[in-house]
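This note is written for a student meeting the structure for the first time. Please read the points in order, with the model in view.

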Amino acid sequence: MAKQTVTLKVNGADHTAEIDQRLLLVHFIRENLALTGTHIGCDTTHCGACTVILDGKAVKSCTVFTVQADGKEILTIEGMTTNGKLHPLQEGFMEEHGLQCGFCTPGMIMSSYALLQENKNPTEEEIRWGISGNLCRCTGYMNIVKAVQYAAQKG
Amino acid sequence: MIPGSFEYHHPGSLDEAIALLSSLGDDAKVLSGGQSLIPMMKLRLAEPAHLIDINGLTDLEYIKESDGYLTIGALTREADLDRSDVIGKKYAVIHDTAHVIADPQVRNLATIGGNLAHGDPANDHPATMLALRAEVVATGPNGPRTIPIDDFFIGPLTTALAPNEILTELRIPAPTQGSGGAYLKLERKVGDFAIAGVAAVVTLDGSGNCTLAGIGLTNVGPTPLRATAAEKFLLGKPLSDDNIAEGGRMAGEASQPTSDHRGSAEYKRAMVKEMTIRALKKAKARAEGEQ
């Protein structure tokens, strides 16, 4: 089995590991780094539960090999909090009841984060387009949109 | 789902990538955006022994206008096509297409080259490139060669690329005055493949007669299809409602859909007809100066 040593900067900290070249990024994050906030939902590039930020762009980490991220920077849901203070998006999801079961929430927050990085004041339609690669099955889109609006207003 | 084992290669130049492809042969697959290949590997529909990751070849990411062509580097991401000013203003049909491919996360990685080289009739760029009469540049050990888009799609998931060639560039003839295009995709939900899709491109002369027509069809045949009879019918005629309706009818007849979970063949053929009519109307409006 082909192995390779990689170094990824995840949530600001460098992590070096020898891994199988076929290891998917989501498994590296969850199993090697024990950062289980990034979820595996459909595992087929549909649901967006595994969304992370890779060098500034939202990607589905179930559809990227870890070796492709060698030398790159990753931001996961665990990196959204600074010094125990919630990110405005996390606060928004809490205040606006943007979740029921919570399974899709980390992916929703990472996609919304990418959207707000590009567009600080999105319309409702732009928010819906921005999270169109993320599925919620508790029918919570109304409140998810409100949560993103909350975060946008808070800046 | 865990893909089969493979050896990973990360060439630093196109020459190195082609040398690898030449020496590894059929055991190797080229990895660009990976948004079709990696899911196929996870489902074990593809089990390449070697993966040649070309994402390091950043000189293949560009959108340029030169010598009467728009040239797009094969590694250009869908998100960059979606955001490009020149494409938004002058090549609305390409913007329409990139905008509805998969979803935002997938568009951040997925490439136009991969979308075409995969040879999937369900992919969206092929119909648009057929309508635009694009040329595909393939680079192998003997350098680049140009393949007309009509010769590129050979069968399901099969293209004219040789095993040791990499798709490196798309060349699209610059539109003349009075040109416009549109891509319409009927899909059940964001991220799904098209039930059917239609790309239409037209050029109108000063008196409103059609001097160039291109119509490409998505996911209604074993390969992406050109609605040749409809294109010929429209040439030299004004794009009246009647002529557009007849063009739509002929495009529906040119489609070769099969019944599946996305709908019956009859339904899909009816949708090709209707969407061709709508795409032609939108292309005409854009040719007349509407954004």
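**Notes on the overall fold of chain B**

1. Overall size. The model is a predicted one, and every value below is computed from it. The C-alpha trace of chain B spans about 60 × 45 × 30 Å along its principal axes.

2. Secondary structure. Chain B contains 11 helices and 14 strands.

3. Domains. Chain B is divided into three parts: domain 1 covers 7-53, domain 2 covers 59-173 and domain 3 covers 179-286. Domain 2 of chain B and domain 3 of chain B have C-alpha centres that lie 20 Å apart. To their contact, domain 2 of chain B gives 26 residues and domain 3 of chain B gives 26 residues.

4. Contacts along the sequence. Which share of the contacts in chain B between residues at least 6 apart in sequence joins residues at least 24 apart? In chain B, that share is 64%.

5. Burial and surface. Of the 291 residues in chain B, 56% count as buried, a term that here means under 20% relative accessible area. The accessible surface of chain B comes to about 11,600 Å², and carbon and sulfur atoms account for 51% of this surface.

6. Charges. Chain B carries 28 positive and 37 negative charges.

Methods: Residues are numbered from 1 along each chain as its sequence is written. Chains are lettered from A and ligands numbered from 1 in the order in which they are written. This is a predicted model: local features need pLDDT of at least 70, side-chain atom pairs count only at pLDDT 80 or more; totals for chains, interfaces and linings use all residues. Side-chain values use heavy atoms; hydrogens and water are left out. Helices (H or I, at least four residues) and strands (E, at least two) are DSSP runs, numbered from the N terminus. Buried means under 20% relative accessible area, exposed over 50%, partly exposed in between (1.4 Å probe, protein chains only). Contact means heavy atoms within 4.5 Å. Accessible areas come from the Shrake-Rupley method with a 1.4 Å probe; for residues, only the protein chains shown count as cover. Lys and Arg count as positive and Asp and Glu as negative; His and the chain ends are not counted. The place of a charge is taken as NZ of Lys, CZ of Arg, CG of Asp or CD of Glu. Domain bounds come from an automatic or database domain assignment.
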